[in-house]
Amino acid sequence: PTQRVGITNASDNIDSALRNDPLNQGNPSPTPDEADRRSIDRLPLRAYYFVSVPDLRVSIVGYVLLLSP
């Protein structure tokens, strides 16, 4: 239950950050096939996303649960 709350809070935080300023959030995280991919970490989650520059529309393409050190 505690982990579920942390995941929900992280997801909400990611949504809020990307809603307000998607181009200045996160970091470039390109792959050979996805040069414009970005990522943002809010423990315990990492979200991978793209931003459509003309309208700042965000498409989240995946989440990864980060392990505690």
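1. Touching here means contact, that is, heavy atoms within 4.5 Å.

2. A word on the basis: this is a predicted model, where local features need pLDDT of at least 70, side-chain atom pairs count only at pLDDT 80 or more, and totals for chains, interfaces and linings use all residues. Residues are numbered from 1 along each chain as its sequence is written, and side-chain values use heavy atoms, with hydrogens and water left out.

3. Leu 18 also belongs to the largest nonpolar core, together with Ala 10, Ile 14, Ala 17, Ile 40, Leu 45, Ala 47, Tyr 49 and Val 51, which makes 9 residues. Helix H1 (2-20) and strand S3 (45-52) each supply at least two residues of this core. Such a core is a set of buried Ala, Val, Leu, Ile, Met, Phe, Trp, Tyr and Cys residues joined through side-chain atoms within 4.5 Å. Helices (H or I, at least four residues) and strands (E, at least two) are DSSP runs numbered from the N terminus.

4. Now look at H1 itself. Its buried residues are Ala 10, Ser 11, Ile 14, Ala 17 and Leu 18. Seen down the helix axis, the buried residues of H1 fall within an arc of 130° (taken from the directions from the axis to the C-beta atoms), so they line one face of the helix. On the other side of H1, Thr 2, Arg 4, Arg 19 and Asn 20 are exposed. Buried means under 20% relative accessible area and exposed over 50%, with partly exposed in between (1.4 Å probe, protein chains only).

5. What covers that buried face? The cover over the buried residues of H1 includes S2, S3 and S4.

6. The strands form an open sheet of 4, in the order S1-S2-S3-S4, with antiparallel pairing. Strand S1 (27-28) and strand S4 (57-65) stand at the edges with a single partner strand each, so one side of each has no neighbour in the sheet. Two strands pair if DSSP finds at least two bridges between them.

7. S2 and S3 pair over 5 bridges and form a hairpin with 2 residues between them; Ile 40 stands opposite Ala 47 in S3. Finally, 8 bridges join S3 to S4, where Arg 46 has Val 64 of S4 as its bridge partner.
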